[in-house]
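Hi there,

Here is the structure I promised to pass on. Have a look at it first, and my notes follow below.

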Amino acid sequence: MLDKASSIETREIPEGLRAPIDALARVARNLSFTIRRGALGQSLGHEVGENTDGDAQKALDVLADEAFARALSGTGVRWYASEERDTVEPMDADGRFVVAIDPLDGSSNIDVNVSIGTIFSIYDAKDDAEASVLRPASEQIAAGYVIYGPQCQMMLTFGAGVQQYVLDPESDTFRLVDAARTIPEGSSEFAINASNYRHWSKPIRAYIDDCLAGIDGPRGKNFNMRWVASLVAETHRILSRGGIFLYPSDDRSGYERGRLRMVYECAPIAFLIEQAGGAATDSCDPIMGKAASELHARTPFVFGTREKVARVTAYNDLPDQEVSALFGARGLFRA
């Protein structure tokens with residue numbers, strides 16, 4: 001179904017959620033146009049301030065945040081929680097939903113023309129603003145992301161699988177291309193920022209060491225490493241090709257709980273990944289069973305195919321002497 005005034009095909013979208021989803025799609029469509037214009041339009045990549053955690057805000061971060069907030073007003077959203085704002089803000093007093101959003105993920109990549117995105121989740125609203133988002137990730141009723149790349153795509157879940165939409169440049173609407181997207185098995189790719197190796201815990205180093213050992217190591221196969229530094233781009237690759245993504249905690253100040261935010265990034269991505277047949281943890285425990293303690297709380301994040309994520313968890317359960325051993329001594333993990 002495609003209403004003439006709609007920005008997205010709605011036949012697979014629950015009726016009560018069509019208004020906020022359409023608003024998100026409409027802003028995403030407009031952002032895609034703005035991003036495609038690049039230097040032909042306004043400057044998008046210059047810094048205009050810092051968010052609540054001290055991260056630099058780009059011009060497009062602020063533009064995107066303001067656009068989503070305006071569009072969601074009047075669509076049944078009671079509370080609006082954004083990575084770019086200090087507090088959860090009120091919208092429709094009689095609204096049913098709360099939207100938590102990272103308006104522009106990966107904005108540091110704007111100037112180098114690497115794929116960036118928008119990540120969001122929707123919960124049933126509570127009377128208290130913060131209580132509406134500081135709750136178990138399993139209570140999400142919808143989640144999704146938009147990737148602004150060679151194609152602008154939106155991935156959505158309402159708890160019954162993952163839907164894939166592509167922005168049709170002819171009709172200027174998001175059209176459904178796959179109503180049941182799943183993660184392929186068997187990929188030999190892993191994504192991690194290897195420059196932080198010296199800061200990781202022993203189990204994470206051991207896991208990566210065994211991947212790097214290739215066909216001669218306990219995994220018995222060669223692996224490729226990927227690192228885009230855009231969570232949406234990493235997620236989209238895994239949904240398309242399989243593999244695993246790791247952003248662990250490490251021993252640097254400010255990285256003790258990783259760097260990705262539970263409310264705005266990890267909870268919605270975990271929901272999507274599990275609905276596509278994968279798994280998502282904090283390297284030990286499932287993200288979907290966790291709740292943030294504060295709006296901008298961070299968490300370590302590991303997600304991908306179930307077998308690969310489970311292996312990382314198993315490495316964390318190894319006794320120290322085996323984790324510390326050279327890869328050849330970890331016979332338990334031979335392929």
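An open sheet is built from 8 strands in the order 4-3-5-6-7-8-9-10, with mixed pairing; two strands count as paired if DSSP finds at least two bridges between them. Strand 4 (89-90) and strand 10 (173-181) sit at the edges with a single partner strand each, so one side of each has no neighbour in the sheet. Strands (E, at least two residues) and helices (H or I, at least four) are DSSP runs, numbered from the N terminus.

Before you go further, please note that this is a predicted model: local features need pLDDT of at least 70, side-chain atom pairs count only at pLDDT 80 or more, and totals for chains, interfaces and linings use all residues. Residues are numbered from 1 along each chain as its sequence is written, and side-chain values use heavy atoms, with hydrogens and water left out.

Back to the sheet. Strand 8 (residues 152-157) and strand 9 (residues 162-168) are antiparallel partners over 5 bridges, and Met155 stands opposite Gln164 in strand 9. Helix 4 (residues 231-241) lies across strand 5, strand 6, strand 7 (142-148), strand 8 and strand 10. The helix runs at about 100° to strand 7 (axes are lines fitted to C-alpha atoms, for helices over the stretch in contact, and angles run from 0 to 180 degrees between N-to-C directions).

Next, the annotated residues. The UniProt annotation "binding site", from an unreviewed entry, covers Asp105, Gly106, Ser107, Ser108 and Asn193; UniProt positions are given in the numbering used here, feature names are shortened, and annotations may be inferred rather than shown by experiment. Gly106 is in the loop between strand 5 (97-105) and strand 6 (116-124), and Ser107 is found in the loop between strand 5 and strand 6. Gly106 counts as buried at 15% relative accessibility, and Ser107 is buried at 11% (buried means under 20% relative accessible area, with a 1.4 Å probe and protein chains only). Leaving out residues up to four places away in sequence, Gly106 touches Ile116, Ala229 and Ser230 (contact means heavy atoms within 4.5 Å).

One more residue to look at is Arg29, in helix 1 (residues 18-37). Arg29 is buried, with a relative accessible area of 18%. Beyond its neighbours within four places in sequence, Arg29 is in contact with Ser7, Leu167, Asp172 and Phe174. A polar atom of the Arg29 side chain lies 3.4 Å from the backbone oxygen of Asp172.

Best wishes

Definitions and conventions: Buried means under 20% relative accessible area, exposed over 50%, partly exposed in between (1.4 Å probe, protein chains only). A polar contact is a pair of N or O atoms within 3.5 Å; within protein, one must be able to donate a hydrogen and the other to accept it, and residues adjacent in sequence count only if both atoms are side-chain atoms.
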